[in-house]
Every structure is written in C-alpha cells, then in structure tokens.
Amino acid sequence: MYDELASKSNVDYIAGGATQNSIRVAQWMLQTPGATSYMGCIGKDKFGEEMKKNAQAAGVTAHYYEDETAPTGTCAVCVVGGERSLVANLSAANCYKSEHLKRPENWALVEKAKYIYIAGFFLTVSPDSIQLVAEHAAANNKVFLMNLSAPFICEFFRDAQEKVLPYVDYIFGNETEAKIFAKVRGWETENIEEIALKISQLPLASGKQKRIAVITQGADPVVVAEDGKVKTFPVILLPKEKLVDTNGAGDAFVGGFLSQLVQGKSIEDCVRAGCYAANVIIQRSGCTYPEKPDFN
C-alpha cells in the first residue's frame with residue numbers, strides 16, 4: 001500500500017506523530033527559539049533523516065532514539081472531501097526504550113522542562129518511561145499533561161492508563177474517546193459534560209492539587225471541567241468548502257493550548273489558542289502551518 005501511494009504524483013511527506021505534532025504547533029505559536037523539546041523513536045533511514053530536518057526547521061529540540069533494526073514509523077493518509085482515513089505502520093515508533101530517556105543528555109531535557117506532555121498512544125510503547133516522567137513531575141511540582149488519544153487506548157490499555165492518571169494535571173480527549181472512557185468504567189452516561197467532570201475528579205497522586213479535563217467535540221463546543229464545575233467554549237466554525245484535512249486537528253488544539261498555558265494565561269485563553277491552531281491546521285494538508293501565527 002505504501003509503495004502504491006508513494007508512486008502517485010500528488011504525495012506530501014509531512015512529519016507527524018501525535019505528540020510531535022502538538023509540540024511543533026506549540027513551538028510555532030510561541031515563536032521563541034528552543035522553547036520546546038521532544039523525544040521519540042525513529043529508524044536509521046531516509047524518513048528518519050527527514051524527521052530530524054523537520055524538527056530542526058520547526059525550532060524543536062529533538063533527541064530521537066534511533067533504532068538499529070526498525071524503519072521510521074509512517075502513516076498513510078487518504079483524504080476524501082476533507083475527511084481522513086489513516087493506516088499506520090508504527091515500526092520504530094513502537095521501539096522507544098526508557099534507557100534512552102535515562103541517558104544524562106536526555107534526562108537533562110526532562111529536568112529543564114516545566115510542562116510535560118505525552119500522548120496516550122505512548123502507553124502502548126513505554127509505560128515505564130511515562131511513569132518515570134510522571135513521578136518526576138509530581139515530585140518537582142511540574143505540570144504533567146496527557147491525552148486519551150484513541151478509543152482503543154481507553155478500552156484495551158485501561159490498566160496502563162489507570163496507573164498514570166493520578167499524576168495527570170491536564171487530560172485532553174475528544175467526545176468519542178470520552179464516551180469509551182466512561183463506558184469501560186461503567187459510568188452509564190454519554191453526557192460529555194458529566195464525563196469530563198467525573199474524569200477531573202478521579203483520584204490524584206500525592207502532591208497533586210487538581211485535574212482539569214478538556215474534551216473537544218469537533219465543531220461543537222469544547223468542554224472544560226475544573227474544580228467541580230463545567231464550562232463550555234465555542235469553536236471557530238469553518239465553512240465546509242474551506243475544510244482541507246482534519247488530520248492533526250486534535251494535536252494542534254493541544255499545541256495551541258500549551259502555548260498559552262506555559263505563559264500562565266487563563267483557561268479561556270488556552271482554549272481560544274487551541275481552537276485557533278486547530279482551525280489553521282484543518283485548512284491545510286497534514287499538521288502544517290503558515291510561517292507565523294496570527295493569534296492575539
């Protein structure tokens with residue numbers, strides 16, 4: 001399938017990966033060189049080299065673990081009428097080892113960071129890496145953020161998810177993921193506001209003050225649960241003819257949100273920035289953006 005796609009004339013190659021998308025968008029929104037760092041696993045091949053170049057061009061400090069045997073992960077994306085379907089070949093992305101994280105030059109990035117974001121997808125790869133970072137964040141009063149990422153994570157990796165949730169200060173997800181999250185826990189509700197509230201009130205690790213749950217719903221309002229209360233924020237509506245590709249919209253939302261959170265802005269501003277970034281990304285192919293943001 002990949003060979004067939006690569007042989008077509010209108011093929012774009014865009015650096016991806018859920019967490020990396022979010023970090024690239026946050027970096028773009030911040031426009032401050034070296035504000036962000038990223039770790040993940042690539043192969044020693046041409047796609048791996050592309051990835052390194054792309055991260056550098058985006059201004060992200062990337063410390064990749066380079067796997068000797070597996071090729072760099074790829075994802076085939078077919079877009080029809082603005083809606084996407086994905087076939088991922090995770091390959092090297094599945095091979096990250098906590099040994100890489102523990103190397104002094106890499107752990108230094110963790111030490112330096114004040115905010116740490118990991119997508120839920122990583123629960124299937126290296127839960128021990130997540131645990132190390134989560135415990136470090138709790139012990140050092142840092143903000144730790146995660147994403148539900150996909151219904152299958154909520155359904156089949158519940159134990160791994162359950163173990164790390166007490167450490168999570170901000171949890172992101174979309175309405176489909178939230179409903180599955182509720183269903184596997186027997187909450188018997190499909191009401192997103194109710195689910196967001198319940199997620200925000202799940203037990204916390206010692207030293208953690210509270211959890212904020214942020215659930216996006218496509219074109220419907222963003223739901224935020226905090227301190228036992230729920231707020232909703234409208235998204236920027238886009239006429240159908242302007243929609244190019246929904247790929248990376250959720251990742252971009254997190255990136256925009258992060259860009260304001262790290263500056264100490266209000267939840268309202270964080271959500272506004274998230275919606276702005278997602279709106280920019282869905283008008284372009286893949287998780288890409290113009291040279292400069294136009295957010296104020």
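User: What makes both faces of E6 count as covered?

Analyst: Happy to start there. On one side sit Val 143, Leu 145 and Asn 147, on the other Phe 144 and Met 146, and all of them are buried. Buried means under 20% relative accessible area, exposed means over 50%, and partly exposed is in between (1.4 Å probe, protein chains only). In strand E6 (residues 143-147), 5 of the 5 residues are buried, so the strand is largely enclosed by the rest of the structure. As background, side chains in a regular strand alternate between the two faces of the sheet.

A word on the basis: this is a predicted model, in which local features need pLDDT of at least 70 and side-chain atom pairs count only at pLDDT 80 or more, while totals for chains, interfaces and linings use all residues. Residues are numbered from 1 along each chain as its sequence is written, and side-chain values use heavy atoms, with hydrogens and water left out.

User: What makes E5 and E10 edge strands?

Analyst: The open sheet has 6 strands in the order E5-E6-E7-E8-E9-E10, with mixed pairing. Strand E5 (115-118) and strand E10 (229-233) each pair on one side only, which puts them at the edges. Neighbouring strands of the sheet are turned by 15° against each other on average, direction ignored. The axes behind such angles are lines fitted to C-alpha atoms (for helices, over the stretch in contact), and angles run from 0 to 180 degrees between N-to-C directions.

User: How do strand E8 and strand E9 run, and how many bridges join them?

Analyst: Strand E8 (residues 212-217) and strand E9 (residues 220-226) run antiparallel and are joined by 4 bridges. The bridge partner of Gln 217 in E9 is Asp 220. Helix H12 (residues 267-281) lies across E7, E8, E9 and E10, at about 145° to E9.

User: Why is the contact of Glu 68 and Lys 44 called a salt bridge?

Analyst: The rule asks for a side-chain nitrogen of Lys or Arg within 4 Å of a carboxyl oxygen of Asp or Glu. The side chains of Glu 68 and Lys 44 meet at 3.2 Å, N to O, so the pair qualifies.

User: What separates Lys 53 and Glu 50 in helix H3?

Analyst: Lys 53 and Glu 50 are 3 residues apart, about one helical turn. Their closest N and O atoms are 3.6 Å apart, and they form a salt bridge. Lys 53, at 52% relative accessibility, counts as exposed, whereas Glu 50, at 43%, is partly exposed.

User: How far apart are the closest N and O atoms of Glu 226 and Lys 210?

Analyst: They are 2.5 Å apart, in a salt bridge. Glu 226 lies in strand E9 and Lys 210 in the loop between helix H10 (192-200) and E8, so parts 16 residues apart in sequence are tied together. Glu 226 has 22% relative accessibility and counts as partly exposed; Lys 210, with 31%, is also partly exposed. Elsewhere, salt bridges that share partners join Glu 49, Lys 52 and Glu 66 into one network.

Definitions and conventions: Pairing = 2+ DSSP bridges. Helix = DSSP H or I, 4+ residues; strand = E, 2+ residues; numbered from the N terminus. Contact = heavy atoms within 4.5 Å.
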